[in-house]
Amino acid sequence: MSCSGYANWDIGVHFVDNKRIQELNMAYRDKDKPTDILSFPFHQVTRPEVDLPKTNVEDDMNLGDMFLSVPYILDSCRQTNESISNRLP
């Protein structure tokens, strides 16, 4: 995160299966199917280069959570002959 200017901030990265990401996709996007990634920002940001919060309160120094479905991503890579390292740089 240091390259973003937010070195002391947290971000949650969760590796899940297709069932879990489908549950999240249904709950938050009303889409009853798996997907590769879902992101949930902690702060409301409309222009990241301008609007990221300025705070020194440790509990607020969280950018949010990302959920990645490893099986979905691997299947997608197989279908497109793409390596996982190219898909997730």
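This is a predicted model: local features need pLDDT of at least 70, side-chain atom pairs count only at pLDDT 80 or more; totals for chains, interfaces and linings use all residues.

Student: In which sense do E1 and E3 pair, and over how many bridges?
Tutor: E1 and E3, the latter spanning residues 62–69, pair in the parallel sense, and six bridges connect them.

Student: And what's the strand order in the sheet?
Tutor: The order is E1-E3-E2 in an open sheet of three strands, and the pairing is mixed. E1 (10–16) and E2 (37–41) each have a single partner strand and stand at the edges, so one side of each is left without a neighbour in the sheet. From one strand to the next, the twist averages 15 degrees.

Student: Switching to helices, which strands does H1 lie across?
Tutor: H1, residues 18–29, lies across E1, E2 and E3, and runs at about 50 degrees to E2. Helix H3, residues 70–80, lies across E1 and E3, and its angle to E3 is about 60 degrees.

Student: What pattern does the chain follow along the sequence?
Tutor: The pattern is β-α-β-α-β-α-α, with four helices and three strands in the chain.

Student: Last topic: how much of the chain is buried?
Tutor: Of the 89 residues in the chain, 24% are buried. The chain exposes about 6600 Å², of which carbon and sulfur atoms supply 49%. As for contacts with a separation of 6 or more, 58% are between residues 24 or more positions apart.

Definitions and conventions. Residues are numbered from 1 along each chain as its sequence is written. Side-chain values use heavy atoms; hydrogens and water are left out. Two strands pair if DSSP finds at least two bridges between them. Helices (H or I, at least four residues) and strands (E, at least two) are DSSP runs, numbered from the N terminus. Axes are lines fitted to C-alpha atoms, for helices over the stretch in contact, and angles run from 0 to 180 degrees between N-to-C directions. Contact means heavy atoms within 4.5 Å. Buried means under 20% relative accessible area, exposed over 50%, partly exposed in between (1.4 Å probe, protein chains only). Accessible areas come from the Shrake-Rupley method with a 1.4 Å probe; for residues, only the protein chains shown count as cover.
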